[in-house]
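Student: Hi, could we go through this structure together, beginning with the overall layout and then moving on to some details?

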Amino acid sequence: MAQFDLGLTYQRGLGVAQDYNEAARWFRLAAAQGNAEAQGSLGVMFAAGQGVAQDYVEAAKWFRLSAAQGDAKGQGKLGAMYYLGEGIVQDYVRAHMWLNLAAAQGNADALKLRDTIASEMTPAQIAQAQEMAHRCEASHYKDCD
């Protein structure tokens, strides 16, 4: 957790000069130890190209690891990547599934995007996404794809 906190300190410039390279270094250390928040933060850095080269595939990888631990932010970000087709193949059903899981945990941004996506989906696709979300949650994020 301390490594994640140091990453946040450098990312936000809290008491130190803002340094995305240093933030990414600390996030990597924490993420490699399984810290879901650090994995999600590292995903954000790869998506934005902050402290690392912009790489949507790498961002999706870190969001997936975070999401698979039940992290609502990681789930929301992964859902958005599925919606946009950034770093992964565009898939509205999987986008809806991950956003639904995040929204169920109170992620308001995920709820809004899920509802936007739903307006572009068929009722059968929505039902499939809801079933996938239920299966994913029931398996404690082991059966999500």
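Tutor: Gladly, and please keep in mind that this is a predicted model. From the N terminus on, the elements of the chain run α-α-α-α-α-α-α-α, and the secondary structure comes to eight helices and zero strands.

Student: How compact is the chain?

Tutor: Its radius of gyration is 15 Å, which is close to the 15 Å that the globule rule gives for 145 residues, so the chain is as compact as a globular protein of that length. Along its principal axes, the C-alpha trace of the chain spans about 50 × 25 × 25 Å.

Student: And how much of the chain counts as buried?

Tutor: Of the 145 residues, 46% count as buried. The chain exposes about 7300 Å², and carbon and sulfur atoms supply 52% of that area.

Student: What share of the contacts comes from residues 24 or more positions apart?

Tutor: Among the contacts in the chain with a separation of 6 or more, residues 24 or more positions apart account for 46%.

Student: Let's pick a residue, then: is Gln75 buried or exposed?

Tutor: Gln75, which is found in helix H5, has 0% relative accessibility and therefore counts as buried, since the cut-off for buried is under 20%.

Student: What is Gln75 in contact with?

Tutor: Leaving aside its neighbours within four places in sequence, Gln75 is in contact with Ala67, Gly70, Trp98, Leu99, Leu101, Ala102, Gln105 and Tyr141. As for Ala103, this residue lies 28 residues from Gln75 along the chain, and the C-alpha atoms of the two are separated by 9.0 Å.

Student: What about Gln11, where is that one found?

Tutor: Gln11 is found in helix H1, and because its relative accessibility is 14%, Gln11 counts as buried. Leaving aside neighbours within four places in sequence, Gln11 is in contact with Gln18, Tyr20, Ala23, Phe27, Met45 and Gln50.

Student: Switching topic, what volume does the largest pocket have?

Tutor: The largest pocket has a volume of about 270 Å³. Two or more residues of its lining come from each of helix H1 (2-12), helix H3 (36-48) and helix H5 (72-84).

Student: Which residues lie nearest its centre?

Tutor: The largest pocket is lined by 13 residues, and those that lie nearest its centre are Glu37, Gly40, Ser41, Val44 and Lys73.

Student: And how does the lining of the largest pocket divide by class?

Tutor: By class, that lining has four nonpolar, four polar and five charged residues.

Key:
Residues are numbered from 1 along each chain as its sequence is written. This is a predicted model: local features need pLDDT of at least 70, side-chain atom pairs count only at pLDDT 80 or more; totals for chains, interfaces and linings use all residues. Side-chain values use heavy atoms; hydrogens and water are left out. On a 1 Å grid over the protein atoms alone, a cavity is a set of points where a 1.4 Å probe fits but cannot get out, and a pocket is an open set with protein on both sides within 12 Å along at least five of seven lines; lining residues have an atom within 4 Å of a point. Grid points are joined across faces, edges and corners, and a volume is the space filled by probe spheres set on the points. Helices (H or I, at least four residues) and strands (E, at least two) are DSSP runs, numbered from the N terminus. Ala, Val, Leu, Ile, Met, Phe, Trp, Tyr, Cys and Pro count as nonpolar, Asp, Glu, Lys and Arg as charged, and the others, Gly among them, as polar. The radius of gyration is taken over C-alpha atoms; the globule rule is 2.2 Å times the number of residues to the power 0.38. Buried means under 20% relative accessible area, exposed over 50%, partly exposed in between (1.4 Å probe, protein chains only). Contact means heavy atoms within 4.5 Å. Accessible areas come from the Shrake-Rupley method with a 1.4 Å probe; for residues, only the protein chains shown count as cover.
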